[in-house]
Amino acid sequence: MSFSQIGVVGLGIMGAGIVEVFARAGYQVVGVAESGPAVDAGKSNLAKSLARAVSKGKLSQEQSDEITARVSFGEDFELLADCDLVIEAAPEILSLKVEIFSKLDAAVKPSGILATNTSSLSVTEIANATTRPEKVIGMHFFNPAPVQKFVEVISTSHSDVQVVGKIVELGNSLGKHLAQISDQPGFIVNKLLLRYLNHAVQILDAGQATKEQMDAAMRELSGYPMGPCELLDLIGIDTCVEILKTIHADTKLEIDEPAAGMVSLVSAGAKGRKSGSGFYDYSERLDAPTDPNEAIKNQVHNDLLMAYLGDCIAMEATGYASKTDIDSGMKLGCGLPTGPFEVIESIGIEKVRAGQAELAQRTGIAAYQPLPF
Ligand code: NAD
C-alpha cells in the first residue's frame, strides 16, 4: 500500500490547505467540491496561500508553479477513482459526511483509504456508511494545514491496524507530529480548545468583558498568538458551533452548549474571516485589539486559564491522551507557546486546583471543580 495520488473533498479553509500540504510534498492531488463556484473558490484559496508563501520568500515562483501543476480540480467524484487516499473536508455536519462517504465508497477503487478531517463527529458512524469501514480513518489536520505540525489520527473499532500504520507513516513523511487516538467527540485538541473558546463567549455574553479585553488578555498574559474571538473568526464560527453541539450531545454539560453570542452571529451569516465578518469586521485590515483595563484582563485570563488547565488534567486522568500528546496538540495544532502541562508545572498543581475551586465557587458551576484526588 503506497500513496501516489491523493484526493481531497471540500475545498474550503481546510480542504484547500490539505491540497497544498500534499502537493507541496510531491503528490498528485485531485480536489473535488460540490459545485463550479466551490471549485473556483478552492482554486483561489490555494493560489492565495501559495502567493503569500512566494511573497514572504518561503517558496520560489517556480516551486509554486510546480505545486499548482500537481493539482487538478473538478466536481465529479469519479475523478477520485484512482486515489490511494481521499481526505474529506466538507462542513461539520454528520448527515452530509455520511452522504459523501457513501458516494466515495462507490467512486474510489476498493484499495483506497478514506479519511475524514472531522473535528468532532463520530468517525465510526462515518465509516459505517461505507462497505470498507476497516479502511476509514480520521485524519485531523489543524488550521492552517500547511503550517500547523500536528495531526490527530483517529481509529475506530473497525480500523485495520495496517491502514492506521500506513497513515501514520504518511503523516510522519509530511513532517507532521501525530497523535494516535480513539474515536471520542472533539478528540484531544478540539475538546479542550472549543470548551475554552465557548467559555470566552459565555463571559462576553454575560457582559463581564469585551472581546477586545478577552483577546488582549490571552495574547498579553499567556502569549497566545490570538485571543479567543480572533481564533473563533479564523476557525469559522459555524464550524465551532457544530463541534460544540457534538461535544454537548456527549457531555450534556451546560458549559458545552454553544454560547448564544456565537449562535446569533452564525444566524446573521457572520461566520468569521471566511464570510468577511464575525466577532470582528475583516473588510479592512485589523490591528490586534488591545485594552488598558488590567483588572478585567487579569480576571478573564485567570478564569479562562483555570478552566482550561482543569480540563487538561481531567482528560489525562481518563487515560484518553498522555500529557505529551496534549502538550504537543495544543502547541503544534493551535500554535500556543506552551503546553498546558508545562504551564501547570510552572504554576504548581496545588495552585491550579485552588484556582479551579475558586472559579467553581464564584460561578456556581460544578464542572469547574478540581478532580477529587
Ligand atoms: P469550509 O466551510 O471552509 O469548507 C467546506 C468545503 O466543503 C467548501 O469547499 C464547500 O464548498 C465544500 N462542500 C460543501 N458541501 C459539499 C459536498 N456535498 N460535497 C463536497 N464538498 C462540499 O469548512 P472548513 O473550515 O474547511 O471545515 C471542513 C472540515 O474540516 C470540517 O469537518 C471541520 O470541522 C474540519 N476542520 C476545520 C478546521 C478549521 O479551523 N476551520 C480545523 C480542523 C478541521
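Of the 25 residues around the ligand, Met14, Glu92, Lys97, Ser119 and Ile235 come nearest; a residue counts as near if one of its heavy atoms lies within 4 Å. Keep in mind that this is a predicted model: local features need pLDDT of at least 70, side-chain atom pairs need pLDDT 80 or more, and totals for chains, interfaces and linings use all residues. Residues are numbered from 1 along each chain as its sequence is written, and side-chain values use heavy atoms, leaving out hydrogens and water.

Now for the polar contacts, meaning pairs of N or O atoms within 3.5 Å. Glu92 puts a polar side-chain atom 2.5 Å from a ligand oxygen, and a side-chain N or O atom of Asn117 sits 3.0 Å from an oxygen of the ligand. With Ile235 it's the backbone: a polar atom there is 2.8 Å from a ligand nitrogen. On its own the ligand exposes 830 Å², and the protein buries 88% of that (Shrake-Rupley method, 1.4 Å probe).

So where does the ligand lie? Both domain 1 (5–182) and domain 2 (189–368) give residues to its shell, so the ligand lies between them; the bounds come from an automatic or database domain assignment.

As for the domains themselves, their C-alpha centres are 27 Å apart. Domain 1 brings 16 residues to the contact and domain 2 brings 16, with contact meaning heavy atoms within 4.5 Å. About 1,500 Å² is buried between the two domains, and carbon and sulfur atoms give 59% of it; this is the accessible area (1.4 Å probe) lost on putting the two parts together, summed over both.

Key
A polar contact is a pair of N or O atoms within 3.5 Å; within protein, one must be able to donate a hydrogen and the other to accept it, and residues adjacent in sequence count only if both atoms are side-chain atoms.
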